[in-house]
Amino acid sequence: MDALLQGLELFLSVENFVAIAIGVAVGVIVGSIPGLTATMAVALALPFTFGLDPVTSILLLVGIYKGGVYGGSITAILVKAPGTPAAACSVLDGYPLAQSGKAGKALKMALYASCTADLVSNLALIFLAGTIASFALQFGAPEYFWLICFSLTVVISISGTSLLKGLVSGLLGLLVSTVGLDLVYGTQRFTFDNFNLMSGVSYIPLLIGLFALPEVIDFYLRKAKPLAVRGADASRVSWPEFRRCLPTILRGSGIGVAIGAIPGAGATAAAFLSYGEAKRTSKRRENFGKGEIEGVAAAESGNNGVAGATLIPLLSLGIPGDVVTAVILGAFMLHGLTPGPLMFEQNLDMIYAIFVGILFSSVVLLIAGSVAIRQFVRIADVPPHILLPVVLLFCVFGSYAVQNQMFDILVMFAFGIVGFIMMRIGMAAAPFLIGFILGPLFEDNLRRSFLISDDLGVFLRSPICWIFIALTVFSLIVGLRREYQMRRTAKAVEADS
Amino acid sequence: MPPLQKHRLHWRRALFGVTTMAAAAAFAAVIVPWGVVAPRSVEHLVLSPAFLPYVLSGLVGLFAAVHAVVSLRSPELADVAREDDAHPRWLSRLCILSILLCCYWVLPETVGMLASAIAVTGGLLWLGGERRWPVFLGIALLLPAAIYLFFVTVAQVPLPTGELFG
């Protein structure tokens, strides 16, 4: 109790409130710019924390991270240019909503879902950190492998109107993820001696190319102006709508927390898994992909549910779950602190101060997000022939910014052409992205499992493996059954017409 | 849908399946052996760097074959609703767009990213039909300059200044 009071005392300073507010605001702005990620913003902000108190520094960085995770959805919804890979899932329903004149509604639902998921994630961090961290520690290569297999089944839900094309798209994404140096033998795969490809295809240029560029190309080759996002609207999320989406948001938050607590699993998988689950269980599943508000809620809750949870392995075990938490770990170390069990004994007041600050950041996110929406929604008013050259400008600068090399611009253009072809032949781009993101994890854990043991029984070694095998099989059966039913309906429609 | 159009749609989908199948076969037969350097002996087949590319190409081919067969038998919702609204001069516009996009790849090393961005943004505005000169100049000059400044000063991204100006 004393530590809690000391923690509150430590937190209650103007500097901390200002740091969170600035952090979240900067994060939202940076996250909304394609190519500039929360990771980049956190890394750039690190030098500014040298002169600050440890708690203020950590809260500033966490604020940027949280704002960045939410900010990615803004341009994903408005102009189909996701600011972060995880926000690509918000494109699926957010962009069609924006096109039908409901950009405000989509953005507001994204904000409410993000804040709710962020709060749930923070509460999980505060109350369940120890339990979740010990669960996450039980994940070895075979457990990860089955988790990734389960995550890959989401391809069925995001395949659009053709499951087979969706599967081919997902496989192509997996294939592209194999480019680069082999992780076990260090030999070259599809690099053709090109130095730029040694570390694989950069995911930010690929993401921008796959989603944003096809819209640009399509606009200039069409007779009409189909991209015209109808005027900035005052559409709101009604209470019945929010209540209807609340179970989806809570489920997405839970998925986000579970995935976020496992080091390396990532927000993209959480967002797509949450979306897939929402589509599987929703009464309006046929509207998913066409502008269903529940789809936006599912994607954003899965995405933001990860934010607080990634701090669980960091604070409780000292293990960074992703690049951002690795940078935050660096900030801890700069101030002479080492996250982990010892910190809970030696600096408990500081831990409580950080917890209170993180909880407060959810409220700040709601305020900053509401302000941002009011400004950003005006983008919807801009005529497409003016908006698209500017979008392309951000795409090019953002792609270059990833590694400061021209090659990434070429990668963005190449995948823009791929995305345009996929768009024209009715092949969904989202499975490609999920295949590309999960591909390295899939292959790495498959091969690491074989390195652990030659025996195939290694894949069935623990209850966690069995749980994920059951979930994978269940998800496959339900998804395929639904696809079969859809085909039958389509056949009936065609017969009637 | 008229029977002739339906017949064409089915064949088009089947053609996609067959083409993808052929591409997957060519990939497995030519690109994988050429592009993947595999050690002479590996402890386990799965550990070979070529294992996953072969499996994935095989699966792409398999699904493409299934797609080709299924396409001739049952419809797809997207194809039923698809409409063709290409611009009458889409080919010339495609050429102009390709040249403008190439500028972003070719010009920055010589004239710098800012000048390239101004040129391409201006070109795209013109292609999009913007003919109001104040708007045209304002957007083509000021916006690229503002975004360039943001990236260079705030985000600290060293965008190319070009050999001419650098």
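Leaving aside neighbours within four places in sequence, with which residues is Phe397(A) in contact? In this predicted model, the partners of Phe397(A) are Met113(B), Ala117(B), Pro144(B), Ile147(B), Tyr148(B), Phe151(B) and Leu159(B). Phe397(A) is also one of the residues with the most contacts inside the largest nonpolar core.

**Nonpolar cores**

- The largest nonpolar core comprises 199 residues, and Phe272(A), Ile328(A) and Phe397(A) have the most contacts inside it.
- Helix 4 of chain A (residues 54-79) gives the most to this core, contributing 15 residues.
- Because domain 1 (3-81) and domain 2 (90-154) of chain B both give residues to this core, it lies between them.
- Another core, of 5 residues, lies apart from it and includes Ile386(A), Leu125(B), Ile139(B) and Ala140(B).

- Thr248(A) is placed in helix 11 of chain A (residues 239-261).
- With a relative accessible area of 3%, Thr248(A) falls under the 20% cut-off and is therefore buried.
- The side chains of Thr248(A) and Glu294(A) form a polar contact at 2.8 Å.
- Beyond neighbours within four places in sequence, Thr248(A) is in contact with Ala278(A), Glu294(A), Ala298(A) and Ser301(A).

- Helix 10 of chain A (residues 203-221) packs with helix 4 of chain B (residues 90-106) at an angle of about 140°, their axes being 9 Å apart.
- An angle over 145 degrees would count as roughly antiparallel, so helix 10 of chain A and helix 4 of chain B are oblique to each other.

Key. Residues are numbered from 1 along each chain as its sequence is written. Chains are lettered from A and ligands numbered from 1 in the order in which they are written. This is a predicted model: local features need pLDDT of at least 70, side-chain atom pairs count only at pLDDT 80 or more; totals for chains, interfaces and linings use all residues. Side-chain values use heavy atoms; hydrogens and water are left out. A nonpolar core is a set of buried Ala, Val, Leu, Ile, Met, Phe, Trp, Tyr and Cys residues joined through side-chain atoms within 4.5 Å. Buried means under 20% relative accessible area, exposed over 50%, partly exposed in between (1.4 Å probe, protein chains only). Helices (H or I, at least four residues) and strands (E, at least two) are DSSP runs, numbered from the N terminus. Domain bounds come from an automatic or database domain assignment. Contact means heavy atoms within 4.5 Å. A polar contact is a pair of N or O atoms within 3.5 Å; within protein, one must be able to donate a hydrogen and the other to accept it, and residues adjacent in sequence count only if both atoms are side-chain atoms. Axes are lines fitted to C-alpha atoms, for helices over the stretch in contact, and angles run from 0 to 180 degrees between N-to-C directions. Angles under 35 degrees count as roughly parallel, over 145 as roughly antiparallel, 65 to 115 as roughly perpendicular and the rest as oblique.
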